[in-house]
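Let's work through a structure by question and answer. Keep the sequence and the model side by side as you read.

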Amino acid sequence: MHPCQETLCVICGKTFRQKSSLRTHEKLHTGEKPFVCETCGKDFRQRGDLCIHERVHTGEKPFVCETCGKAFTQKSHLSLHEKVHTGEKPFVCETCGKDFRQRGDLCIHERVHTGEKPFVCETCGKAFTQKSHLSLHEKVHTGEKPFVCETCGKAFLTKSDLCKHDRVHTGEKPFVCETCGKAFKQKCNLCTHESVHTGDKPFVCETCGKAFRQRGNLSLHERVHTGEKPFVCETCGKAFPTKSDLCKHDRVHTGEKPFVCETCGKAFTQRGNLSIHERVHTVEKPFVRETCGKTFAKKCTLRIHQREHTGKKPFVCETCGKAFAQKCTLRIHQREHTGEKHL
């Protein structure tokens, strides 16, 4: 028998240097998984894969990083981790030059340039660049939320979402700003905060040029130009550009006032209104007119005062053309035309 025939897969034509490698490969075609975990019943094609899996149950992590002491269940995971310390990223994208620690990460990244999305949801047809993203998406259809908070019972799609939620109960804020020391529960919140110090606003509106620190804020702003109001009140049909605006509006119908002053018990529909009210008790007046030094509790009151200096009267009566410094004064004036009596 020719030596090559011993290492050739007769089903797909793939060749192997060792006969044992061919036998392992042939199980891909037959579906054979003879090595079964006695603890959970999961089965594997190779004994080595079963041995690695069993460490999930035993907690064994025999491969330890000599630099930081972190331990791993697999040698390959340790080798990958060590590149964090060396900074080694040997796999480079030929299109944009971005480098990666793993060849697999490079392959996934290259799909950004090719537009390839090989993993397709059988339910809705949505396509993804990574299998893990498809697996996560499929849970949207099944309603599966396997990660449950032991404290309150709330369930989540991913383990990372559960970890983030746990910090609500523990109060842990592991992400600390090196500039001012402020701590955050999530890394993305820290990144957003750091732009306060750098002044970085990378997300720019193509219509008017206004810049924002967060992409989400840019998306909300763009609705000013498009007029999009996707959040509709089920009671009266009024539409709003953001979900938070709709929630605030809903309280008009429900009468809910969840924000209560601890000093006098007065309740408000919005947290901002409560903050303004609390200045009545603290006598705090943070808004200062630079010209005359006069202080105000509300920003809107400062604006009205500024018009006394500038003489600006932006509110104009459409009937007679008379102008006013305040909107409420215009409304009172308009009753002279309509005959409406102020109660």
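The questions below go from the whole chain to single residues.

Me: What kind of model is this, and how are its residues numbered?
Reply: It is a predicted model, where local features need pLDDT of at least 70, side-chain atom pairs count only at pLDDT 80 or more, and totals for chains, interfaces and linings use all residues. Side-chain values use heavy atoms, with hydrogens and water left out, and residues are numbered from 1 along each chain as its sequence is written.

Me: How many helices and strands does the protein chain have?
Reply: Helices (H or I, at least four residues) and strands (E, at least two) are DSSP runs, numbered from the N terminus. By that rule the protein chain has twelve helices and 22 strands.

Me: Is the protein chain a compact globule or more spread out?
Reply: The radius of gyration is taken over C-alpha atoms, and the globule rule is 2.2 Å times the number of residues to the power 0.38. For 343 residues the rule gives 20 Å, but the chain has 32 Å, so it is more spread out. Along its principal axes, the C-alpha trace spans about 110 × 45 × 40 Å.

Me: What share of contacts between residues at least 6 apart in sequence joins residues at least 24 apart?
Reply: Contact means heavy atoms within 4.5 Å. In the protein chain, among contacts between residues at least 6 apart, the share that joins residues at least 24 apart is 0%.

Me: What percentage of the 343 residues counts as buried?
Reply: Buried means under 20% relative accessible area, exposed over 50%, and partly exposed in between (1.4 Å probe, protein chains only). Of the 343 residues, the buried share is 19%.

Me: What does helix H1 pack against?
Reply: Helix H1 covers residues 19–30. Its buried residues are Leu-22, His-25 and Lys-27. They pack against strand E1 (35–36).

Me: Which residue just after H1 takes a positive phi?
Reply: Look directly past the end of H1. The phi there is about 80°, and the residue is Gly-31.

Me: How far apart are the end C-alpha atoms of helix H4?
Reply: The expected span of a helix is 1.5 Å times one less than its number of residues. H4 (residues 103–114) has twelve residues, so it should span 16 Å. The distance in the model agrees, at 17 Å.

Me: Which strands are included in what covers the buried residues of H4?
Reply: The buried residues of H4 are Leu-106, His-109 and Arg-111. Their cover includes strand E5 (91–92), strand E6 (99–100) and strand E7 (119–120).

Me: Which residues of helix H7 are buried?
Reply: H7 (residues 187–198) reaches 17 Å from its first C-alpha to its last, close to the 16 Å expected. Its buried residues pack against strand E11 (175–176) and strand E12 (183–184). They are Leu-190, His-193 and Ser-195.

Me: Which residue follows H7, and what is its phi?
Reply: The residue after H7 is Gly-199. Its phi is positive, near 75°.

Me: Which side chain joins that of His-53 in a polar contact?
Reply: His-53 is found in helix H2 (residues 47–58). A polar contact is a pair of N or O atoms within 3.5 Å; within protein, one must be able to donate a hydrogen and the other to accept it, and residues adjacent in sequence count only if both atoms are side-chain atoms. At 3.3 Å, the partner is His-57.

Me: Which residues does His-53 touch, not counting those up to four places away in sequence?
Reply: His-53 is buried, with a relative accessible area of 13%. Beyond those four places, it touches Cys-37, Cys-40, Lys-42 and Phe-44.

Me: How far apart are the C-alpha atoms of Phe-72 and Pro-62?
Reply: Phe-72 lies in strand E4 (residues 71–72). Leaving aside neighbours within four places, its contacts include Pro-62.

Me: How many disulfides does the structure hold?
Reply: A disulfide is a pair of cysteine sulfur atoms within 2.5 Å. The count for the structure is zero. For Cys-233, the nearest cysteine sulfur is that of Cys-236, at 3.7 Å.

Me: Is Cys-236 buried or partly exposed?
Reply: Cys-233 counts as buried, at 2% relative accessibility. Cys-236 has 44%, so it counts as partly exposed.
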